[in-house]
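I opened the model and kept a notebook as I went. The entries follow in the sequence in which I looked things up.

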Amino acid sequence: MSPDLWSLYSLMLKSRLFEEASAKLWQEGLISGEMHLGTGEEAIIAGVVSHLKDGDAMALDHRGTAAMLMRGIEPVSLLREFLGYTDGLCCGMGGHMHLFSKEHLVASSGIVGSEGPTVAGFALAAQMLRPETIAVAFFGDGAMNQGMLMESMNLASVWKLPVLFVCKNDGWGITTKSEDASGGDFNDRARGFGIPAVEVDGLDVSKVWEVSGSAIENIRAGQGPTFLHAKCVHFEGHFLGFQPIRVVRNPLKEMPKIAVPLTKSFLRIGGASLGERIAGMKSVMSSVITALRDPRRDTNNDPITRVRAILQSDPIRLKELEDQLEKDINNILRKVLGKVQP
Ligand SMILES: Cc1ncc(C[n+]2csc(CCOP(=O)(O)OP(=O)(O)O)c2C)c(N)n1
Ligand SMILES: [Mg+2]
């Protein structure tokens with residue numbers, strides 16, 4: 001079977017538009033706390049989630065919005081939750097990170113690595129109560145260094161639990177590069193537990209769909225867990241307002257905010273030596289220059305642009321679909337806020 005690119009694109013774009021709308025609300029100060037978007041990882045989520053059936057479960061990390069939407073959680077209740085309303089998905093207590101839907105068997109958490117124990121629990125219940133159903137965990141490369149995820153992979157292997165472990169590897173854990181925090185190779189780690197590992201381009205939704213489809217088939221057939229390793233890029237960095245990215249996007253507005261205090265501290269009497277001050281200045285400037293070349297600014301890494309280029313072969317259908325999705329998002333905003341965002 002081949003993937004239905006139209007329905008995958010529709011899932012991806014719906015999620016992107018919803019997250020962009022949430023980002024605007026956050027920028028306006030209507031959503032409190034940090035906001036982690038899953039923009040850039042839509043191909044991984046769509047490729048996997050479109051294989052799920054009734055009774056399948058998902059354990060999600062701090063970027064769970066795309067997966068929840070694609071699994072069919074009502075967008076209005078999700079957005080009302082982000083805004084802290086008492087009629088949100090979890091009574092306005094969970095924000096965007098700590099959510100649960102009993103109906104959809106979905107749980108998310110901001111505790112990095114907790115997707116491991118959660119997915120193992122879901123999968124044990126599936127094995128005992130719901131034959132041929134499975135559980136999927138989505139987590140980042142940072143979570144691969146959490147003991148509880150490794151313990152869960154071990155147990156899932158020993159008990160042959162029906163789990164798909166999906167590592168969305170963006171190469172970063174907040175501001176730490178993966179190579180500075182992770183030893184060895186993630187695929188080898190999974191294989192060390194006796195779990196088959198497959199690597200796929202996380203920007204290519206067709207490939208993710210194909211590879212996860214055959215992994216899920218094996219898992220449903222009782223062959224135990226699989227580890228799926230997919231690389232992707234988060235355009236916003238770790239969270240909205242992530243400073244180096246904010247600076248390179250809008251240098252005229254942001255540079256003075258750095259330059260003024262930096263100059264003041266440079267000229268201050270007493271304190272660090274001249275050599276230390278020059279080194280500090282150099283280090284700040286080099287992190288801004290590095291950000292200029294940051295792959296997170298390269299639109300070629302956008303999985304949505306990639307699949308859209310293929311669908312351009314039918315521009316009329318593409319426009320209809322995109323217009324419809326935009327209308328859907330405006331309807332959601334109208335229901336939640338009583339108006340559409342300008
Ligand atoms: C147990 C735990 N340790 C530390 C944190 C702080 N923290 C939040 S997100 C994050 C980075 C996670 O990196 P990764 O798993 O690669 O996910 P990404 O943000 O890159 O998608 C950290 C360390 C946390 N939330 N939970
Ligand atoms: Mg990461």
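**Entry 1**

I began with Lys 160, which is partly exposed at a relative accessible area of 49%. I use buried for under 20% relative accessible area, exposed for over 50% and partly exposed for in between, with a 1.4 Å probe and protein chains only. Lys 160 sits in the loop between H6 and S5. Its phi is positive, about 50 degrees, although Lys 160 is not a glycine.

Next I took Ile 174, in the loop between S6 and strand S7 (176–177). Phi of Ile 174 is near 55 degrees, again a positive value in a residue other than glycine. Ile 174 counts as partly exposed at 45% relative accessibility.

**Entry 1: ground rules**

I note that this is a predicted model, in which local features need pLDDT of at least 70 and side-chain atom pairs count only at pLDDT 80 or more, while totals for chains, interfaces and linings use all residues. Residues are numbered from 1 along each chain as its sequence is written, chains are lettered from A and ligands numbered from 1 in the order in which they are written, and side-chain values use heavy atoms, with hydrogens and water left out. Helices (H or I, at least four residues) and strands (E, at least two) are DSSP runs, numbered from the N terminus.

**Entry 2: the magnesium ion**

Which protein donors does the magnesium ion (ligand 2) have? I found Asp 141 (OD), Asp 170 (OD) and Trp 172 (O), lying 2.1 to 2.2 Å from the ion. Donors are N, O and S atoms within 2.8 Å of the metal (3.2 Å for Na, K and Ca); water is not among the atoms, so sites may look incomplete. The donor residues are spaced D-x28-D-x1-W in sequence.

Asp 141 lies in the loop between strand S4 (135–140) and helix H6 (147–158), and Asp 170 in the loop between strand S5 (163–169) and strand S6 (172–173), so the pair ties together parts 29 residues apart in sequence. Asp 141 is buried, with a relative accessible area of 2%. Asp 170 also counts as buried, at 17%.

I turned to helix packing. Two packed helices are described by the angle between their axes and the distance between the axes. Axes are lines fitted to C-alpha atoms, for helices over the stretch in contact, and angles run from 0 to 180 degrees between N-to-C directions.

The axes of helix H1 (residues 5–27) and helix H2 (residues 42–49) come within 9 Å and cross at roughly 130 degrees. H1 and H2 are therefore oblique to each other. The scheme is: under 35 degrees roughly parallel, over 145 roughly antiparallel, 65 to 115 roughly perpendicular, the rest oblique.

For contacts I count heavy atoms within 4.5 Å. From H1, Leu 8, Leu 11, Met 12, Ser 15 and Arg 16 meet Glu 42, Ala 43, Ala 46 and Gly 47 in H2.

H2 is mostly covered, with eight of its eight residues buried. Among them are Ile 44, Ile 45, Val 48 and Val 49.

**Entry 3: H1 against H12**

H1 also packs on helix H12 (residues 303–311), at about 140 degrees with the axes 10 Å apart. H1 and H12 are therefore oblique to each other. Leu 5, Trp 6, Tyr 9, Met 12, Leu 13 and Arg 16 in H1 meet Pro 303, Ile 304, Val 307, Arg 308, Ile 310 and Leu 311 in H12.

Gly 47 is in helix H2. Is Gly 47 buried or exposed? Gly 47 counts as buried, at 0% relative accessibility. Not counting residues up to four places away in sequence, Gly 47 touches Leu 8, Val 205, Val 208, Trp 209 and Ser 212. The C-alpha atoms of Gly 47 and Met 281 are separated by 45 Å, and the two are 234 residues apart along the chain.

Thr 39 lies in the loop between H1 and H2. Thr 39 is buried, with a relative accessible area of 6%. Leaving aside neighbours within four places in sequence, I see Thr 39 in contact with Arg 16, Glu 19, Val 233, His 234, Phe 235 and Glu 236.

Val 76 belongs to helix H4 (residues 75–82). Val 76 counts as buried at 13% relative accessibility. Beyond its neighbours within four places in sequence, Val 76 is in contact with Ile 332, Lys 335 and Val 336.
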